[in-house]
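This briefing describes the strands, sheets and helix packing of one protein model.

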Amino acid sequence: MTIERRTPLSRSRRPTIKDVAEAAGVSRSTVSRALTGRGYAASDVRERVLRAAAELGYVPDVMARTLKQQVSRSVGVLVSDLRNPFYAELAAGASREARERGYTLVLADTSLSAEAESEAAEALVALRVAGVIVTPNSSAVSTYLASHHIPVVEVDRQFAAGSTDGVVVGNRVGARTATAHLVGLGHRRIALFIDETDWTTGYERYQGYLEALSAADIKVDPDLVVSSGWDVADSRRRAVDMLRGPDRPTAVFAANNVLAEGVWRAIGELGLRVPADISLVAFDDAPWMSMVSPTVTAVAQDTFNLGATAVRRLDERIEMPEADSVTTVLNVRLVARESSAAPPAL
């Protein structure tokens, strides 16, 4: 008769693969095959190993496995501002797709800071992630990651098109459609609130706005193109300055959901009515736009799918690192609601 003496694990020590092997009565290599699914392990043995691992609370050392195999199942996601529902939804889509494909997601918020973006990229290199999805502030992050042979997918905007994969939406088409919607209602003085025109998102939305005005033979008034900063407070302040004057526009196209919120707050602060006094259309259909009264007309993009598509593209790049770079453009659609109507009669 054989008597096994087992010493209880110390609460301060995390269980190891050796502990699981001893508890299940098998070798460490058998435990590895049973837990990873790579290699043969009889079904009853696999069940015994899984039960022992669960009872012990064993969690595989992913870093050790990565160092041994030189293969990581982690992907990094760098987004600009998780307080913005757009980036939160994008990250959620990336997270679910990553999980379904067997990846662990490492998420970082760069807060639109070049320094924070650089630090996060360096941390992901140190973690040996398999690839990175980024909403970049410049080309620097993609260039840096590529120099370390880490696959990159730029999402929402592109700085390295042609050398790096990208997943974006039809920004120019969406902006043109939104502006043409206002033109079709009879508006001639349409203000554009935009954060910047250097990034592909801002540049293409600006171009779409110009194209819609040109198609309607409306001359662009530079005073109606407002560079309104990066947050709600800046947008609200600029909107108050514009809308309190006697020659205010009859409609505003806000090029993203943050700027739209600032304009919305300014309109309320000034005692103006939407759409009786001024119409409002936004790019990005944020949740609040369908909850306020009147509801806000918006260009909707499938942000969850944007994140998920980026993970699928990254997975393909990891599998085929030498393939040509690809930019995927997702469709957008105008959701007409109550905030857009014919301009007030003069």
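Strand 9 (residues 279–283) is mostly covered, with five of its five residues buried; buried means under 20% relative accessible area, exposed over 50%, and partly exposed in between, with a 1.4 Å probe and protein chains only. The model is predicted: local features need pLDDT of at least 70 and side-chain atom pairs count only at pLDDT 80 or more, while totals for chains, interfaces and linings use all residues. Residues are numbered from 1 along each chain as its sequence is written, and side-chain values use heavy atoms, with hydrogens and water left out. Helices (H or I, at least four residues) and strands (E, at least two) are DSSP runs, numbered from the N terminus.

**Strand 9 and its partners**

- Both faces of strand 9 are covered: Ser279, Val281 and Phe283 are buried on one side, and Leu280 and Ala282 on the other.
- Strand 8 (residues 251–254) runs parallel to strand 9 and is joined to it by four bridges; two strands pair if DSSP finds at least two bridges between them.
- Ala251 has Ser279 of strand 9 as its bridge partner.
- A right-handed β-α-β unit is made by strand 8, helix 11 (residues 257–269) and strand 9; right-handed means that, with the strands pointing away from the viewer, the path from the first strand over the helix to the second runs clockwise.
- Strand 9 also pairs with strand 10 (residues 297–301) in the parallel sense, over three bridges, and Phe283 stands opposite Val299 in strand 10.

- Six strands form an open sheet in the order 2-1-3-4-5-11, with parallel pairing.
- Strand 2 (104–109) and strand 11 (327–330) are the edge strands, each pairing on one side only.
- Within this sheet, strand 1 (residues 74–79) and strand 3 (residues 131–134) run parallel and are joined by four bridges, and Leu78 has Val134 of strand 3 as its bridge partner.

**Packing of helix 1 on helix 3**

- Helix 1 (residues 17–24) and helix 3 (residues 43–56) pack at an angle of about 125 degrees, with their axes 9 Å apart; axes are lines fitted to C-alpha atoms, for helices over the stretch in contact, and angles run from 0 to 180 degrees between N-to-C directions.
- Helix 1 and helix 3 are therefore oblique to each other, given that angles under 35 degrees count as roughly parallel, over 145 as roughly antiparallel, 65 to 115 as roughly perpendicular and the rest as oblique.
- The contact (heavy atoms within 4.5 Å) involves residues including Val20 and Ala23 of helix 1 and Val49 and Ala52 of helix 3.
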